[in-house]
Amino acid sequence: MLGLDHGHLGPRGVVEDRVRGGQVVEEVQQVGAGPGARGGPAAGRVLADLQAPLGEVHAQRLHRPLAVRGADPESSLTPCPHGAHSTQDTRVVVSTYPAVVSTYDVARVRSRFPALAGGTAHFDGPGGSQVPLEVADAVHAAMVAGLTNRGSVTAAELRVEAVVSAARRAVADLLAVDPVGVVFGRSMTQLTYDLSRVLAKSWGPGDEVVVTRLDHDSNIRPWVQAAGAVGATVRRVDFDPATGELPTSAVEAVLSPRTRLVAVTAASNLLGTRPDVPAIAEAVHAAGALLFVDGVHHTPHALVDVGAMGADFHACSPYKFLGPHLGVLAAAPALLETLRPDKLLPSSDAVPERFELGTLPYEALAGTTAAVDFLAGLVPGAGTRRERLAVSMAAVDAHETALRDRLEAGLRALPGITLHGTAARRTPTVLFSVAGKAPREVSELLAAVGVNAPSGNFYALECARHLGLGDAGAVRAGIAPYTDESDVDRLLAALA
Ligand SMILES: Cc1ncc(COP(=O)(O)O)c(C=O)c1O
């Protein structure tokens, strides 16, 4: 039975001063959602100022009593007696699980996310992560800076060029790829559909395309439909439903000299399973085929190196790693040069522009750059952006894995809970069912106490069916860089 414990709810209130050279230059009130939660207008502030590393911000937490949901969040705030640098708050967490030991300063990270101020525990990151002020401010700043379309004459045109090239360089640092091979699009799904049609121009009857049942449908259906349109054959790879593992040998078993492309996920958005992509890449390349890797669920949780992974194509979505709604496809420029997508006559035929249909969402590109910078600053430090990403993503990985272990230990201790997926390498994404309750019912009960852990198949439809969960799937709790121990404990307490 679900005992829903309102006593564990812990709304937060945070007021921050942005500090430059010892002087307070702006106050950001971070209580509640909506326009009132933002600080002073971003207009006029340069992008670089908005993207200052987290280390330049000090936070003052304010205390307020528990159980004031629905009340005016600001009226019950009182200054924290521990002073300006305190990261304490008044949340009462009753925990019987091992404490998470980490140098990662999650309180400092959380203080940048206005959406967390309302007190909701967000386990819905795999569907779309929350966004820090730095990203929202960069989007705003781009929109009011005076942009037009790309060009080389006016200041507005040059600003757009700068936004586009900054975003390509940021994504290149994030994925360790060449900025010239970074293609932007509306979503990973759109980019994958577009690419599948281009690649299929050279396929025909007798050619084979490989997909896996572990994947999100966006890395299955475009390939199945593109293959079907030209008479190519689709081969499917199954994962082990007992463990969630996708053995490399299962991929190897379907490869042949006729294989043209293998599409596999770097991490399952349902089970978290992280297949051994470099080993799969070796086998795929030995067969003379191309490898397309869906990195959408993997990219927020680990330092990605597309070359080391062996991916010929790698897709991801900034809105899963604290950025705006956008899709990214990365590949070697030389490979992209060989492909001829359908395009408008007057639009650029250069790579990567050849693949970018229509006008790009420049404000979302500015937000993407800010998201990469934010990730690089999760652990303050020096070095190139790539070096800082390496340090920060290692810390995120350790923080999230510790929380996942805490969550899984807690769930295992509860009666009637079934955990799905125990792959040796997996992201901090936990899928579970509650005996006697439909997945949606569990999510609704959790949502009622401010814990967002949605249910469903999350478009990993073949995966959910192969697990025997049907289309209703199960409940998914995804851990993000801003998740903390008390979020986990609130989820466990609500299920107890
Ligand atoms: C693993 C995975 N692949 C692909 C997608 C689709 O991404 P987009 O929404 O950018 O098309 C998602 C979205 O949830 C996902 O989780």
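This is a predicted model: local features need pLDDT of at least 70, side-chain atom pairs count only at pLDDT 80 or more; totals for chains, interfaces and linings use all residues.

Most residues other than glycine have a negative phi, and most peptide bonds are trans. Now for some exceptions. Tyr459 isn't a glycine, yet its phi is positive, at about 70 degrees. Leu322 is another non-glycine residue with a positive phi, in this case near 75 degrees. You'll find Leu322 in the loop between strand S11 (313-316) and strand S12 (327-331).

Are these two residues buried or exposed? A residue counts as buried if 20 or more other C-beta atoms lie within 10 Å of its own. Leu322 has 28 such atoms within 10 Å, so it is buried. Tyr459 has 20 of them within 10 Å, and therefore it is buried too.

| Residue | Phi | Other C-beta atoms within 10 Å |
|---|---|---|
| Leu322 | near 75 degrees | 28 |
| Tyr459 | about 70 degrees | 20 |

There's a peptide bond to look at as well: the one from Val351 to Pro352 is cis, with omega near 10 degrees. Pro352 belongs to the loop between helix H10 (333-337) and helix H11 (362-376).

Next, find strand S7, residues 208-212, where five of the five residues are buried. In a regular strand the side chains alternate between the two faces of the sheet. In S7, Glu208, Val210 and Thr212 point one way while Val209 and Val211 point the other way, and all are buried.

Which strands does S7 pair with? One is strand S9 (residues 259-265), in the parallel sense over three bridges, with Leu261 of S9 as the bridge partner of Val209. Another is strand S8 (residues 233-237), which runs parallel to S7 and is joined to it by five bridges. There, Thr212 stands opposite Val237. Together with helix H6 (residues 221-230), S7 and S8 form a right-handed β-α-β unit.

**Around the ligand**

Finally, check out the residues around the ligand, among them Ser187, His216, Asp294 and Gly327. How does this shell divide? There are two nonpolar, nine polar and one charged residue.

Notes: Residues are numbered from 1 along each chain as its sequence is written. A residue is near a molecule or strand if its C-beta atom, placed from the backbone, lies within 6 Å of it. Ala, Val, Leu, Ile, Met, Phe, Trp, Tyr, Cys and Pro count as nonpolar, Asp, Glu, Lys and Arg as charged, and the others, Gly among them, as polar. Helices (H or I, at least four residues) and strands (E, at least two) are DSSP runs, numbered from the N terminus. A residue is buried if 20 or more other C-beta atoms lie within 10 Å of its own, exposed if 12 or fewer, and partly exposed in between; C-beta atoms are placed from the backbone. Two strands pair if DSSP finds at least two bridges between them. A crossover is right-handed if, with the strands pointing away from the viewer, the path from the first strand over the helix to the second runs clockwise.
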